[in-house]
Amino acid sequence: MVTSGFHPTLRVWSIVWGSFAIWSLGCVLSVSHATDPTIRNEAASSAGPVVVGRVSYRGPVPTPIEVPVDRDSEVCGQMVTVATVSVDAATHGVRDAIVHIDSGQGMADNGLRQVSVVQNRRCMFYPRVAALRVGAEAEIRNDDPVMHNTNMSLHNGTVLNVALVPGGGPVKKTLKRQGAHVVKCNVHKFMQAYRHVFSDPFFDQTNDSGQFRIQGLSPGPHTVSVWHETLGELYKEIHVPSGGTLTVDFEFK
Ligand SMILES: [Cu+2]
């Protein structure tokens, strides 16, 4: 389950993808591609490969952690429930995993800007997880009637550390370096979020049923990485075809 009060439309605010063409898909025939049964290749008549798949987990879902609140209880509540793993009962898909495919080459700045809101609301960050491209702007807001502090770090180095008065913000910060940014509040230790920043557009965040979709890759060998804040990381080597849809599934054990 997710943190109480989470609204799905808050997961990612405004995502402006690069100027990559959207290729049409016409699945015509299937071609047996690899010995790995989790990788399937469906050739298409039109050019442009798409990599899709699902990240799943069939193990016992960790019990949400109950954290006692020692200040601002009139807003935060007496206890805060922190649930970090969301698994769809029907498909076993894991939400909020970050999938990235190594492009093997640097990508030019496309000049477009994503905006990712980091909202402080009822002593939680919303959205908890988001994936962005280098140059994206984090927009930090405090919607609570209490003081919050937003501290973003990358590889334990401080990227941003700002105090927000009640109702304060937005404070804007351009994210210039790739990597997993950890977001914390120094006032409320249980508040945590993540902003994954990539130097290319070949990433996605899994939806409620664990699905992802990444397009625009060059044909050839690539490495797919999957990150989840609690379940860990997975990797898989793939060979992207010149066209069609390659399905790559992942399962956390
Ligand atoms: Cu706080």
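Modeller: A residue counts as buried if 20 or more other C-beta atoms lie within 10 Å of its own, exposed if 12 or fewer, and partly exposed in between, with C-beta atoms placed from the backbone. This is a predicted model, in which local features need pLDDT of at least 70, side-chain atom pairs count only at pLDDT 80 or more, and totals for chains, interfaces and linings use all residues. Residues are numbered from 1 along each chain as its sequence is written.

Colleague: What percentage of the residues in the protein is buried?

Modeller: The protein has 253 residues. The buried share of these is 34%.

Colleague: Which residues have the most contacts inside the largest nonpolar core?

Modeller: A nonpolar core is a set of buried Ala, Val, Leu, Ile, Met, Phe, Trp, Tyr and Cys residues joined through C-beta atoms within 7 Å. The largest such core has 49 residues. Within it, the most contacts belong to Val51 and Val99.

Colleague: Which residue in β18 does serine 225 stand opposite?

Modeller: Strand β17 covers residues 220-228 and runs antiparallel to β18, with nine bridges joining the two. The residue in β18 opposite serine 225 is tyrosine 235.

Terms used: Two strands pair if DSSP finds at least two bridges between them. Helices (H or I, at least four residues) and strands (E, at least two) are DSSP runs, numbered from the N terminus.
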